[in-house]
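Subject: Structure handover

Hello,

Here is the structure I said I would pass on. My notes on the contents follow it.

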Amino acid sequence: MMPSIGLRLATLRRAVNEVILPAIAPDNALAREQAQLVAAHLELLARQLDDAPRIDAALARGTAALALALAAHATGGPCTQAAASALNECADAGDAATPGLRRAHIAAAIDGFMDALAVDGEDTARQRAHDLIVEHALGDGRLERVSFAGNGLDPERAELPSLASLLAST
């Protein structure tokens with residue numbers, strides 16, 4: 001029987017904290033720091049595990065919305081129009097195995113679209129694409145900040161919304 005991912009993460013954390021860290025020489029500061037970093041990331045991953053599918057899905061939906069918006073504002077020559085068409089097809093396709101793969105596929109199409117804009121896109125389309133991408137990045141950044149607030153490093157974490165409320169609004 002395969003153990004759950006949560007149990008596997010807990011086992012790895014215990015190995016790092018109870019076996020590996022004590023075995024590292026006290027004067028080996030870099031190795032100690034890196035082992036502590038691994039343990040901290042394993043703890044954070046365990047806390048994020050249940051929410052990961054919803055976060056991935058929200059990020060994929062946001063990337064698909066960006067692709068559709070970029071395509072809707074695409075003006076230019078044949079390269080730009082072909083790339084806009086590819087963006088629409090890619091954003092509408094829900095056949096990727098996981099939201100993460102779908103997001104990566106759409107992001108690659110966005111990269112191709114931006115290349116096409118550089119070839120024959122109109123200036124207004126380039127500026128609108130820039131604005132849309134910045135707006136999208138701010139939204140993704142907020143979701144990522146909220147997702148990682150549990151690590152305690154965000155100086156404004158008390159002002160961030162809960163992950164549940166943020167996911168409900170996306």
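D154 is buried in this predicted model, with a relative accessibility of 12%. The residue sits in the loop that runs between α6 and α7 (163-169). Why does D154 count as buried? Its 12% relative accessibility falls under the 20% limit, so D154 is placed in that class. Leaving out residues up to four places away in sequence, D154 touches R145 and L160. I106 is 48 residues from D154 in sequence, and the C-alpha to C-alpha distance between the two is 29 Å.

L160 also turns up in one of the nonpolar cores, so I take those next.

Nonpolar cores

The largest nonpolar core has 20 residues. A67, L70, L87, I106, I110 and F113 are the members that touch the most other members. At least two residues of this core come from each of α3, α4 (78-92), α5 (99-120) and α6. The largest share is that of α5, with 6 residues.

Which residues is I106 in contact with, leaving aside its neighbours within four places in sequence? They are A60, T63, A64, A67, C90 and A91. As a general point, nonpolar side chains in soluble globular proteins tend to be buried together.

The largest pocket holds about 320 Å³ of space. Its lining is made up of 16 residues, and those nearest the pocket centre are G62, E135, H136, G139 and D140. Sorted by class, the lining of the largest pocket has 8 nonpolar residues, 4 polar and 4 charged.

The second largest pocket has a volume of about 200 Å³. The residues lining the second largest pocket are L9, L45, Q48, L49, A52, I55, D56, L59, E144, S147 and F148. Here α2 (29-48), α3 and α6 are the elements that give two or more residues. Which element provides the largest share of the lining of the second largest pocket? That is α3, with 4 residues. By class, this lining divides into 7 nonpolar, 2 polar and 2 charged residues.

Is S147 buried or exposed? S147 is buried, because its relative accessible area is 14%, and the limit for that class is under 20%. Leaving aside neighbours within four places in sequence, S147 is in contact with Q48 and I55.

Cysteines

How many disulfides does the structure hold? The count is 0. For C79, the nearest cysteine sulfur is that of C90, 18 Å away. A pair of sulfur atoms has to be within 2.5 Å to count, so C79 and C90 are not a disulfide. C90 likewise is in no disulfide, its nearest cysteine sulfur being that of C79.

C79 is partly exposed, at 37% relative accessibility. C90 is buried, with a relative accessible area of 7%. C90 is also one of the residues in contact with I106.

Two further helix residues

D115 is found in helix α5. At 53% relative accessibility, D115 counts as exposed, because the cut-off for that class is over 50%. D115 and C90 are 25 residues apart in sequence, with 16 Å between their C-alpha atoms.

H130 is in helix α6. Its relative accessible area is 46%, so H130 is classed as partly exposed. L7 lies 123 residues from H130 in sequence, and the two are 44 Å apart in space, C-alpha to C-alpha.

Regards

Key
Residues numbered from 1 in each chain as written. Predicted model: local features only at pLDDT ≥ 70, side-chain atom pairs only at ≥ 80, totals over all residues. Heavy atoms only, no water. 1 Å grid on protein atoms, 1.4 Å probe; cavity = no way out; pocket = protein on both sides within 12 Å on 5 of 7 lines; lining within 4 Å. Points joined across faces, edges and corners; volume = space filled by probe spheres on them. Nonpolar A, V, L, I, M, F, W, Y, C, P; charged D, E, K, R; others polar. Core = buried A, V, L, I, M, F, W, Y, C linked by side-chain atoms within 4.5 Å. Buried < 20%, exposed > 50% of the residue type's maximum accessible area, 1.4 Å probe, protein only. Contact = heavy atoms within 4.5 Å.
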